[in-house]
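Hi,

Here is the structure I promised to pass on. My notes on what turned up in it follow below.

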Amino acid sequence: MTKKVLFLFLIFIFLFNLIFYFACRPAARWHELSLLFFDTICDLKIYGTEEEFASAVTTVRNIFTRAENLFSPRAEAYSSEEVHQLFRLARKIYFDSEGAFDLTVGILTEIWGFRSKSYRIPQREEISRALNFVGLEKIVEREDQLVVPEGVIIDWGGIAKGWALDQAFQTLQKEGISRGFINAGGDLICFGKNPDNKAWRIGIKHPRKSGFLGILEISDLAVATSGDYQRYFEIKGVRYHHIFDPRTGFPARGKQSVTVIGPQATICDALATALFVLNDASKLLSLYPDYGAIIVDDQGSLSFAGKTFLFIPLK
């Protein structure tokens, strides 16, 4: 056999094996699934093979279950490294926001009936007493434990879903998933291109009407919204919602919704709560230059603060 024939034969074998490999390789496609976590529907949309999707679902389930166990109401396991890391970030945002974001509003959540769903307006004296147990500086780290004084109740609700989303996204990336979307009850993270090979189009819910306020076009970013329409009750035409001003003990006033966009869902989650409480968004967002906010005030007027992202308002 001449060298030329041998060379052509080897080329043929190589091409045959290459074709066989790609023909037999499992096809990647888009997969969708809804899960129930954090008392809400969580939607997954992942691009990959059947095996990769099954692994991704297991990953998300495990991380979300871990988040529920660590950060559910009345959870008191304060020694894990995850708890310490999230507490340190929450403490940073607490001081950056001058107390507008505060994990210790748990007692306010209780006395207003949001935890039991037996809604009520507490007496001012009761609110005044409760405020003695509000303030994140009351909690200290001692060695491997958070020391929480008696009467102080931690409420992780303004940051835990964002943490879970970030953990899921980071783990999926390590597993080779490069395109996807995870939505946990309105807090979400999207990465890579959407099924049309374009940026993801994310609808922002209108706080007073059915349908959307507008559409974000983004990729590789997280979105979190705090709104007075998510958990609330009304008495004599007045809406009382679950986002408390830690300084007054009453539901924060002046806004219907705040949506924050940025690279980390954890920070988006906490900033959305803080900005809902604050009157001036620009000061806090100047400390987080990669984040921007879409704000609807109590009159329904739309404004923007911080970094700008492509947003298409809908009439």
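In H2, the residues Ala56, Thr59, Val60, Ile63, Phe64, Ala67 and Phe71 touch Ala160, Trp163, Ala164, Leu165, Gln167, Ala168, Thr171 and Leu172 of H6, where contact means heavy atoms within 4.5 Å. By class, that contact has 12 nonpolar, 3 polar and no charged residues. (Ala, Val, Leu, Ile, Met, Phe, Trp, Tyr, Cys and Pro count as nonpolar, Asp, Glu, Lys and Arg as charged, and the others, Gly among them, as polar.) Helix and strand names are DSSP runs numbered from the N terminus: helices are H or I with at least four residues, strands are E with at least two.

Before you go further: this is a predicted model, with local features needing pLDDT of at least 70 and side-chain atom pairs counting only at pLDDT 80 or more, while totals for chains, interfaces and linings use all residues. Residues are numbered from 1 along each chain as its sequence is written, and side-chain values use heavy atoms, with hydrogens and water left out.

Back to the helices. H2 and H6 pack at an angle of about 150°, and their axes are 9 Å apart. That makes H2 roughly antiparallel to H6. Axes here are lines fitted to C-alpha atoms, for helices over the stretch in contact, and angles run from 0 to 180 degrees between N-to-C directions. Under 35 degrees counts as roughly parallel, over 145 as roughly antiparallel, 65 to 115 as roughly perpendicular and the rest as oblique.

Ala160, Lys161, Gly162, Trp163, Leu165 and Asp166 of H6 make the contact with Ala265, Thr266 and Asp269 of H7. Its classes are 4 nonpolar, 2 polar and 3 charged residues.

What does H7 meet in H3? Leu86, Leu89 and Ile93 of H3 touch Thr266, Ile267, Ala270 and Leu271 of H7. That contact has 6 nonpolar, 1 polar and no charged residues. H3 (residues 81-96) and H7 (residues 265-277) pack at about 40°, with axes 11 Å apart. The angle makes H3 oblique to H7.

Now the pockets. A pocket is an open set of points on a 1 Å grid over the protein atoms alone, with protein on both sides within 12 Å along at least five of seven lines, for a 1.4 Å probe; lining residues have an atom within 4 Å of a point. Volume is the space filled by probe spheres set on the points, which are joined across faces, edges and corners.

The largest pocket has a volume of about 1,200 Å³. It has 38 lining residues, with Phe38, Asp155, Gly157, Arg231 and His242 nearest its centre. H2 (50-71), H6 (160-174), strand S9 (221-227) and H7 each supply at least two lining residues, and H2 gives the largest share, 3 residues. By class, the lining has 17 nonpolar, 11 polar and 10 charged residues.

The second largest pocket holds about 200 Å³. Of its 13 lining residues, Gly186, Gly203, Lys205, Thr225 and Tyr229 lie nearest the centre. Strand S7 (200-205) gives the most to this lining, with 4 residues. The classes here are 6 nonpolar, 6 polar and 1 charged.

Cheers
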